[in-house]
Amino acid sequence: MLHYLSLKDIDSLPNWVEEARSLKTNPKHHKGLGKDKTLGLLFFNNSLRTRLSTQKAAMNLGMEVIVMNFGSEGWALEYGDGTIMDQGSSEHVKEAAQVISQYCDIIGIRAFASLTDKEEDEAELVLESFKKYATVPILNMESSVGHPLQALADAITLAENNTKSKPKIVLSWAPHPRALPHAVANSFVEMMQRQEADFVITHPKGYELSENITKGCTIEYDQEKALENADFVYVKNWSSYTNYGQVINKDTNWTITLKKLGQAKFMHCLPVRRNVVVADEVLDSSQSLVIEQANNRTYAAQIALKKILESLS
């Protein structure tokens, strides 16, 4: 039984990317693969692209889809062992995961980091609990520390737009008024470590990602220097990892402008705050790949679901 919890579940990234690009040419070619199969999507947090693209991917494969928003519709779940449930939680994940497994052939889960307890977030409590107690494969639709569907879509987008044997790709932090998780940045870094590229991470001091993620990567604190001769610039905000979940810098000098971008292609996972993270002139330019990235979310989800379905046959 194959899960897709992180990029580590991809045996060959180039092969998955190539197959995903092939799916784009005939999205419903494998519609029989998901016949009489049901995908259950559990959302503990909001979504636009992830929800719609994953549903579309499942439909392309012939699957039925059930969606549940736990924040407003489901019982509050308990995850601890031996807990006396006399407080807020109404149902334990032990029962919930097994029950949902009876209704679905694959379970997709989206559950963000709390950004209050680093140890708890890194334990991936929701994702790992469902993996432990469910009896069907689990699809990670963004968890506390990773967003492997987004990273796979990014890899597809890079493959479609790259013309060099070793492009320069920069991951740049940008300001944001709220504390955001590290998941997208973490998975992008992990994906880049499997690419043939000149990869640079740039951010203000104090915004270092986990060393377990960035080990071996080039980190440049001077954004202007990092962006020199870049072919692709991936922009994302994240909160402090050391001062966990804190916003320690809102320096607007880190906002991406067309002048900073130069000739590079611009990438962002969306949603994005215009004229905070990136200027209108960048998003509205021909150098922006954000809509292509969003489109590729369908084929990232579709290749992951296809691999899982094949493992069940």
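These legends describe close-up views of a predicted model. Numbering starts from 1 along each chain as its sequence is written, and local features need pLDDT of at least 70, side-chain atom pairs count only at pLDDT 80 or more, and totals for chains, interfaces and linings use all residues. Side-chain values use heavy atoms, with hydrogens and water left out.

**View A. The largest nonpolar core.** This core has 56 residues. A nonpolar core is a set of buried Ala, Val, Leu, Ile, Met, Phe, Trp, Tyr and Cys residues joined through side-chain atoms within 4.5 Å. Buried means under 20% relative accessible area, exposed over 50%, and partly exposed in between (1.4 Å probe, protein chains only). Y4, L139, L152, L171, M191 and F199 have the most contacts inside the core. Helix α12 (residues 290-312) gives the most to it, with 8 residues. Helices (H or I, at least four residues) and strands (E, at least two) are DSSP runs, numbered from the N terminus. Another core lies apart from the largest one. That other core has 20 residues, including I100, I107, Y133 and V136. In soluble globular proteins, nonpolar side chains tend to be buried together.

**View B. The surroundings of L152.** Contact means heavy atoms within 4.5 Å. With neighbours within four places in sequence left aside, L152 is in contact with Y4, I10, L13, W16 and V17, and also with A300 and I303.

**View C. The buried face of helix α5.** Helix α5 spans residues 125-133. Its buried residues are V126, L127, S129, F130 and Y133. Seen down the axis of α5, they fall within an arc of 165°, so they line one face of the helix. The arc is that of the directions from the helix axis to the C-beta atoms. These buried residues pack against the strands β1 (38-43), β3 (77-78), β5 (106-110) and β6 (138-140). They also pack against helix α3 (93-103).

**View D. Helix α3 against helix α5.** Two packed helices are described by the angle between their axes and the distance between the axes. For α3 and α5, the angle is about 65° and the axes are 8 Å apart. Axes are lines fitted to C-alpha atoms, for helices over the stretch in contact, and angles run from 0 to 180 degrees between N-to-C directions. The crossing is right-handed. A crossing is left-handed if the near helix is turned anticlockwise from the far one by less than a right angle, and right-handed if clockwise. From α3, V93, K94, A97, Q98 and I100 take part. They meet S129, F130 and Y133 of α5.

**View E. Helix α2 against helix α12.** The axes of α2 (residues 49-60) and α12 come within 8 Å and cross at roughly 50°. That makes α2 oblique to α12. Angles under 35 degrees count as roughly parallel, over 145 as roughly antiparallel, 65 to 115 as roughly perpendicular, and the rest as oblique. This crossing, too, is right-handed. R49, T50, S53, T54, K56, A57, A58 and N60 form the α2 side. Facing them in α12 are A294, R297, T298, A301, Q302 and L305.

View F. E190 is found in helix α7 (residues 183-192). At 19% relative accessibility, E190 counts as buried. K8 is 182 residues away from E190 in sequence, yet their C-alpha atoms are 9.0 Å apart. Not counting residues up to four places away in sequence, E190 touches L7, K8 and I213.

**View G. V170 in strand β7.** V170 is part of β7 (residues 168-173). Its relative accessible area is 0%, so V170 is buried. Beyond four places in sequence, V170 touches V200, T202, A226, L227, A230, F232, V233 and Y234. V170 and N229 are 59 residues apart in sequence, with 9.9 Å between their C-alpha atoms.

**View H. The loop holding L270 and P271.** Both L270 and P271 lie in the loop between β11 (265-267) and α11 (280-283). The peptide bond from L270 to P271 is cis, with omega near 0°. Phi of L270 is near 65°, a positive value in a residue other than glycine. L270 counts as buried, at 18% relative accessibility.

**View I. D36 in its loop.** D36 is found in the loop between α1 (13-25) and β1. Its phi is near 65°, positive although D36 is not glycine. At 69% relative accessibility, D36 counts as exposed.
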